[in-house]
Amino acid sequence: MTHAPNMALRAEPLLPDRRIRLALYALISVAALIPLAMVDVPPLVDYPNHLARLHVIANIGTDPALAANYQVVWSAMPNLALEAATFPLMAFLPVGIVG
């Protein structure tokens, strides 16, 4: 009894074109961000605290009450990346827009 040669089936990739995959990833990313874009204040638990911290950082030099109660100490902390990234924008944009 002779057998036919074993021909392994070659599976084609589901999305062979890299551009299609990138477009799909972009579409999924945009869809995931839609809920955040639909509200004035994103539903992030610590977002109001970050906005308050930005307000203090932006106004500590001009508000004596803030200067009496707060002190800005810069150090590397992962949960303060928003403040470090947005601090340069505070010179010409309001806190709500920068946040």
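Which residues form a nonpolar patch on the surface? In this predicted model, the patch consists of Val30, Ile34, Met38 and Val39. Together these residues have about 390 Å² of accessible area. Patches are made of residues with over 30% relative accessible area and no salt bridge; like charges are joined within 9 Å, and nonpolar side chains (Val, Leu, Ile, Met, Phe, Trp, Tyr) within 5 Å. Accessible areas come from the Shrake-Rupley method with a 1.4 Å probe, and for residues only the protein chains shown count as cover. Isoleucine 34, one of the patch residues, sits in helix α1 (residues 18-37). Its relative accessible area is 42%, so isoleucine 34 is partly exposed. The classes are buried (under 20% relative accessible area), exposed (over 50%) and partly exposed (in between), with a 1.4 Å probe and protein chains only.

Residues are numbered from 1 along each chain as its sequence is written. The model is predicted, and local features need pLDDT of at least 70, side-chain atom pairs count only at pLDDT 80 or more, and totals for chains, interfaces and linings use all residues, while side-chain values use heavy atoms, with hydrogens and water left out.

The protein chain averages a pLDDT of 78 (the predictor's confidence in each residue, from 0 to 100). A score of at least 70 is reached by 79% of the residues. Confidence is lowest in helix α4 (residues 81-86), with a mean of 72. The highest value, 91, belongs to helix α3 (residues 64-69).

The protein chain holds five helices and zero strands. From the N terminus, the order of elements is α-α-α-α-α. Helices (H or I, at least four residues) and strands (E, at least two) are DSSP runs, numbered from the N terminus. Of the 99 residues, 15% count as buried. The accessible surface comes to about 8,500 Å². Carbon and sulfur atoms account for 66% of that surface. Among contacts (heavy atoms within 4.5 Å) between residues at least 6 apart in sequence, 46% join residues at least 24 apart.

The largest nonpolar core has six residues: Tyr47, Leu51, Leu54, Met90, Val95 and Val98. Helices α2 (47-59) and α5 (95-98) each supply at least two of its residues. The largest share, three residues, comes from α2. A nonpolar core is a set of buried Ala, Val, Leu, Ile, Met, Phe, Trp, Tyr and Cys residues joined through side-chain atoms within 4.5 Å. In soluble globular proteins, nonpolar side chains tend to be buried together.

Histidine 55 also belongs to helix α2. Histidine 55 counts as partly exposed because its relative accessibility is 37%. Leaving aside neighbours within four places in sequence, histidine 55 is in contact with Leu66 and Val95. Histidine 55 and valine 95 are 40 residues apart along the chain, yet their C-alpha atoms are separated by 6.2 Å.

Alanine 85 lies in helix α4. With a relative accessible area of 56%, alanine 85 is exposed. The C-alpha atoms of alanine 85 and valine 98 are separated by 9.8 Å, at 13 residues apart along the chain.

The salt bridge count is one. The criterion is a side-chain nitrogen of Lys or Arg within 4 Å of a carboxyl oxygen of Asp or Glu. Aspartate 17 pairs with arginine 19 in a salt bridge, and the closest N and O atoms are 3.2 Å apart. Aspartate 17 is partly exposed, at 26% relative accessible area. Arginine 19, at 63% relative accessibility, counts as exposed.
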